[in-house]
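This briefing goes through a protein model topic by topic, for a reader who has the sequence and the coordinates at hand. Please keep the structure open while reading the points below.

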Amino acid sequence: MDTNMSNNRGALVIIGGAEDKEGECQVLREFVRRAGGTKARIVIMTAATELPRDVGENYIRVFERLGAEDARIVDTETREDARSSTALEAIEKATGIFFTGGDQARITDILKDTDIDALIHKRFGEGVVVGGTSAGAAVMPDVMIVEGDGETHPRMDTVELGPGMAFLPGVVIDQHFSQRGRLGRLISALAQQPAVLGFGIDENTAMVVTDSQFEVIGEGSVTIVDESEATYTNVSEILKDEPLAICGSRLHILPHGYKFDLKTRKPILENLTSNNSTLESSTSNNGATNGNVATSQATV
């Protein structure tokens, strides 16, 4: 598993969907700030949606209201569009690149292994901020969740996987997480590939990844499933539609302001308020949680 990010790379702002676009816009505000604030030049990638003009113009309105210097749509409906010199020039000048929601398979079908794909990765390596919401979040790993069932127990047939855009390889990401009951499909996705870390991002919530760490921003939480120390699984023994068992996995639930180290696979609990410190101490002693964060061993 390679989740390391070099110091040159830009931040990833990975959003669980349904982010606020009318009020304080906390999550999108963070994207604009990291993309350069009032000097931000943002390219809005609309490959995921069948309504690129409507969706793109909505984001232009939000980004300009938040003070971005420039925001423009790069619409790619076919792989031929991904060779457009106009699109490539806009990406070359961008300080922030944002993937909208829609259908994540459209993003990979249209963009993966094209000139635009190569250039976005090049610019990301040079420090440009890359963000995505909903489908735009799903494509961040190298292997993504294409589709699957929510509100169900883990089974091998619960989820379909496919190649992602590989901005954050070696993990699994799901979105609209708590709102659509997707823990089962996240666990199912982890069971089907070498990745041992899975992230479920709630709506109007983002994980902001920099330097092998991420911070949670927004009104919900990021649920982390760590299977690196799992003691048992029945994957090799079951048929596709039979229940999946995993024992010894670790579960973390992190709300706004909490951080996670991708190298050590542990929450970063230093510099928290004394109130939170008391809560974490109580949690470690008796396994109960009634506040902002839960860190526990889970058997699923």
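This is a predicted model: local features need pLDDT of at least 70, side-chain atom pairs count only at pLDDT 80 or more; totals for chains, interfaces and linings use all residues.

In which loop is Asp113 found? Asp113 is found in the loop between α4 (104-111) and α5 (115-125).

**The open sheet**

- Nine strands form an open sheet with mixed pairing, and their order is β3-β2-β4-β5-β1-β10-β11-β16-β17.
- The edges of this sheet are β3 (70-74) and β17 (266-268), each of which pairs on one side only.
- When direction is ignored, neighbouring strands of the sheet are turned against each other by 20 degrees on average.
- A parallel pairing is found between strand β4 (residues 96-99) and β5, which are joined over four bridges, and here Gly96 stands opposite Val129 of β5.

**Strand β10 and its partners**

- Strand β10 (residues 205-210) is largely enclosed by the rest of the structure, because five of its six residues are buried.
- On one pairing, β10 runs antiparallel to strand β1 (residues 12-15) over four bridges, and Ile15 has Ala206 of β10 as its bridge partner.
- On another pairing, β10 is joined by six bridges to strand β11 (residues 213-218), again in the antiparallel sense, and the bridge partner of Thr205 in β11 is Gly218.
- β10 and β11 form a hairpin with two residues between them, and in its turn Asp211 has a positive phi of about 50 degrees.

**Helices against helices and sheet**

- Helix α1 (residues 26-34) and helix α2 (residues 52-65) have axes that come within 10 Å and cross at roughly 70 degrees, and the two helices are therefore roughly perpendicular to each other.
- From α1, the residues Leu28, Phe31 and Val32 make this contact, while α2 contributes Tyr59, Val62 and Phe63; the residues of the contact divide into six nonpolar, no polar and no charged.
- Helix α2 also lies across β2 (41-45), β3, β4 and β5, and its direction is at about 165 degrees to β3.
- Helix α3 (residues 85-93) lies across β2, β3 and β4, and runs at about 135 degrees to β2.

**Nonpolar cores**

- The largest nonpolar core has 48 residues, and those that touch the most other members are Ile14, Met45, Leu111, Phe199 and Phe214.
- Apart from neighbours within four places in sequence, Leu111 is in contact with Met45, Ala47, Thr76, Arg79, Ala82, Phe99, Ile116, Asp117 and Met165.

**Positive phi outside glycine**

- Asp113 is not a glycine, and yet has a positive phi of about 65 degrees; with a relative accessible area of 64%, Asp113 is exposed.
- Ser134, likewise not a glycine, has a positive phi of about 55 degrees, and its place is in the loop between β5 (129-133) and α6 (135-138).
- Is Ser134 buried or exposed? Ser134 has a relative accessible area of 14% and is therefore buried, the cut-off for that description being under 20%.

Definitions and conventions:
Residues are numbered from 1 along each chain as its sequence is written. Side-chain values use heavy atoms; hydrogens and water are left out. A nonpolar core is a set of buried Ala, Val, Leu, Ile, Met, Phe, Trp, Tyr and Cys residues joined through side-chain atoms within 4.5 Å. Buried means under 20% relative accessible area, exposed over 50%, partly exposed in between (1.4 Å probe, protein chains only). Contact means heavy atoms within 4.5 Å. Two strands pair if DSSP finds at least two bridges between them. Axes are lines fitted to C-alpha atoms, for helices over the stretch in contact, and angles run from 0 to 180 degrees between N-to-C directions. Angles under 35 degrees count as roughly parallel, over 145 as roughly antiparallel, 65 to 115 as roughly perpendicular and the rest as oblique. Ala, Val, Leu, Ile, Met, Phe, Trp, Tyr, Cys and Pro count as nonpolar, Asp, Glu, Lys and Arg as charged, and the others, Gly among them, as polar.
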